[in-house]
Amino acid sequence: MVHDGENGPIPSGTSVLDLYGSAELATQLGFFHMELFHATNELETIAQVFGRDAFPGHIPSNLDLLLRRFNEVQYWATTEVLVSPAPKRVQSLRKLIKIAHYSKQQGDLLSLFAIVLGLSNVAVSRLSMTWEKLPSRVKRMFSELESLLDPTRNHRAYRSLIAKMQPPFVPFIPLLLKDLTFIHEGNKTFFNGLVNFEKMHMIANVIRTFKECKASASGVTEKPSQPSRSPGLLESCTGTRSRTVSCTFGICA
């Protein structure tokens, strides 16, 4: 049972979608994900791709949390629709799409893509009668969000989006790791005993993008300011207990 600091215990059968507005949920999710992202050091992405054994003493624990969080939000979106009673299913679906929309506006691409992928799950997409009852405006909104996941032309839609965004924002971490993996596995590190600097430059470009996502408008990397947090919101949303993440040398404490 989740506890609300103002109104006391919340019944276990109550959905968090019934308790908060779409904008509020998107804001709280965005704050938590930005906090996790800022705690994740770029060395953790290198260790994840090159192999953890190559970086003794550097455990990508914050990156692990960030990736796990992506899966949790994705499954949460799917579950919220499927467990909703039939009369409320359209309302739940509509609200999740609006949360994804607000997440995009607020620069939380982790929530955006996790929710879109969760609603694209076959168990949800096959609910044709539910989707038909959505307002046309909401259907168009979801189609536009879903188009950002189009993998054609090397994910051009997504890359065009982030090129226009002002940092700080939370990028789509799985795609960033995919880029690093292709660079690492598709190019030799050494040629005739010499370092392949072209490969190093490509890796550096991806890492630079990672760091630029954290930068403020002044170019200084800084932690996000903390908005007022609704008691129990992050815990009740996906079942994950929220906490402040501190980071020393990329290690979560």
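A: Let's start with a term: a residue is buried when under 20% of its relative accessible area is left, exposed at over 50%, and partly exposed in between (1.4 Å probe, protein chains only). By that rule, 45% of the 253 residues in the protein chain are buried.

Keep in mind that this is a predicted model, where local features need pLDDT of at least 70, side-chain atom pairs count only at pLDDT 80 or more, and totals for chains, interfaces and linings use all residues. Residues are numbered from 1 along each chain as its sequence is written, and side-chain values use heavy atoms, leaving out hydrogens and water.

The chain has twelve helices and six strands; these are DSSP runs numbered from the N terminus, with helices being H or I of at least four residues and strands E of at least two.

Now the spot itself. Helix α3 (residues 61-83) packs against helix α10 (residues 173-186) at about 125°, with the axes 10 Å apart. Axes here are lines fitted to C-alpha atoms, for helices over the stretch in contact, and angles between N-to-C directions run from 0 to 180 degrees. The two helices are therefore oblique to each other, since under 35 degrees is roughly parallel, over 145 roughly antiparallel, 65 to 115 roughly perpendicular, and the rest oblique. On the α3 side, L63, L66 and L67 make the contact, meeting I173, P174 and L177 of α10; contact means heavy atoms within 4.5 Å.
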